[in-house]
Structures are given as structure tokens and as C-alpha cells.
Amino acid sequence: AGAPTTINIAPDDAGMAAKVQAFVDAYNALSASMTKLTAFDAASGKASTLTGNATARSVESQVRAVVGTALTESGLTLTALWQAGVTFKSGNQLAVDKEKLDRAIGSGAAGVAKLFAAMGDKADEVVGRMLASDGAIATATDSASRRIKDLERQQDAMELRLERIQARYLQQFQSLDTLLSRMSATSTYLTQQLANLPGVTDSGN
């Protein structure tokens, strides 16, 4: 028989740290997109696509709450991201304290894994409610669609009214033109008749 094979099973600390960084990068990308979509440039007075949109603000605040709020599930040795070195910085962005993360992984990689798994489940729950057929995003989309249809109907009604007004004005102008033509003909006829009256002479003679 050959020599026995020894298999060493050890936690992949570097791999776990990379996954935590990927989580942070994904959140920061989402946050940056939301900021861009809801931004308002005070200097130019220019609004973005979702500036002032209540649904967009709700989505942003709910996602931030998931990431920033401590978990209450039982069986967790870590309950908040800051315990794993992940904290908020300016601009609603997350940052990783690599030394603190490495210490958390080194002292209990399973605890870090459970923390992010529970955080992911919580995020899935919140996002699922938002994306449900009766959720905030679907409701806002339906409302926007109804508003667009209402505006289209209003536009069609306005165009119909304008067409009717244009037709009425055209008819009135045609009637006025006819009246003016008749008045001109009458004036010419009267002038000719007056010129033919006895005793009317051309002042030039």
C-alpha cells in the first residue's frame, strides 16, 4: 500500500475577507447609483431622474437600515457589521477596516460567516418585499403608468379641443372674408351708381 495521504482542512481566511470586500463593493455601487438618481444640483437647479421620489428614498433608507442595524437572531456571536470591521463613512458608503476584519476572522471565522449570512437573509427579505407584485416598486410603477395614461388622455383631449377651436376660427375667418368681399363689391357698385347720377362731374375736368 502506498503512503497515507494527509489532508489539511483550514479556513480560507483570505477568501472570506475577499467576500466581505465584495459585499461592501456591491453595497457601495448600489448606494452610489441611488445617490446619482436622486441627486439635485443646487448650483444649476438641475434635478436627477428620481429627485424627490418617495419610493427611491424609501428603498435607500431600508437597505441602509438592513446594513446598519444590529441583528437580533439567536446563535450569532457577531450581530453587527462594525464588529467585523465594516462601518459607514461619508456619502453613505461602507469601508472595511482590514486589520479588524482579519482579527474577527482569525478569532472566529464561523462567526463572521454567520453574520454575513444572516445579513444577506435580512437583505433578501427586505428586497423581496420591495419587488413583490404589491410591493413599493410595483406600486410606484403602476402609479406612474396611470399618470402617464392620464396625461396622454389629457393631451388627446387638448389636441381635440385645439382642432375644434382651429376649425371654428377658420370658419369665422372664412365668413369674415366672404363678408368683406361682399362689402367691397357693394362699395364698388355704389360708387359706380353715384358717379352716374346727373350733375356729378369729375373734379379733374
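Which helices each supply at least two residues of the lining of the largest cavity? Helix 1 and helix 2 do.

## Basis of the model

This is a predicted model, in which local features need pLDDT of at least 70 and side-chain atom pairs count only at pLDDT 80 or more, while totals for chains, interfaces and linings use all residues. Residues are numbered from 1 along each chain as its sequence is written, and side-chain values use heavy atoms, with hydrogens and water left out.

Helices (H or I, at least four residues) and strands (E, at least two) are DSSP runs, numbered from the N terminus.

## Helix 2

Helix 2 covers residues 54–68, and its 15 residues should span 21 Å at 1.5 Å a residue; the end C-alpha atoms are 21 Å apart, which agrees. The expected span is 1.5 Å times one less than the number of residues. The buried residues of helix 2 are Ala56, Val59, Val63, Val66 and Val67, where buried means under 20% relative accessible area, exposed over 50%, and partly exposed in between (1.4 Å probe, protein chains only). Seen down the axis of helix 2, these buried residues fall within an arc of 95°, so they line one face of the helix; the arc is that of the directions from the helix axis to the C-beta atoms.

The cover over the buried residues of helix 2 includes helix 1 (13–38), strand 3 (86–89), strand 4 (93–96), helix 3 (98–131) and helix 4 (136–195). At the start of helix 2, a side-chain oxygen of Asn53 comes to within 3.0 Å of the backbone nitrogen of Thr55.

A cavity is a set of points on a 1 Å grid over the protein atoms alone where a 1.4 Å probe fits but cannot get out; a pocket is an open set with protein on both sides within 12 Å along at least five of seven lines, and lining residues have an atom within 4 Å of a point. Grid points are joined across faces, edges and corners, and a volume is the space filled by probe spheres set on the points. The count comes to 1 cavity of 30 Å³ or more. The largest cavity holds about 40 Å³ of space and is lined by Tyr27, Leu30, Ser31, Met34, Glu60, Val63 and Asn92. Helix 1 gives the largest share of this lining, 4 residues.

Asn92 sits in the loop between strand 3 and strand 4 and is buried, with a relative accessible area of 14%. Its side chain makes a polar contact with the side chain of Tyr27 (3.2 Å). A polar contact is a pair of N or O atoms within 3.5 Å; within protein, one must be able to donate a hydrogen and the other to accept it, and residues adjacent in sequence count only if both atoms are side-chain atoms. Not counting residues up to four places away in sequence, Asn92 touches Tyr27, Ser31, Glu60 and Arg64, with contact taken as heavy atoms within 4.5 Å.

## The largest pocket

The largest pocket contains about 350 Å³ of space. Its lining has 13 residues, of which Leu50, Asn53, Thr55, Ala140 and Thr141 lie nearest the centre. Helix 2 and helix 4 each supply at least two lining residues, and the largest share, 7 residues, comes from helix 4.

## Two residues of helix 1

Thr38 lies in helix 1, and its side chain reaches the backbone oxygen of Met34 at 2.7 Å. Ala26 is also placed in helix 1 and is partly exposed, with a relative accessible area of 48%.
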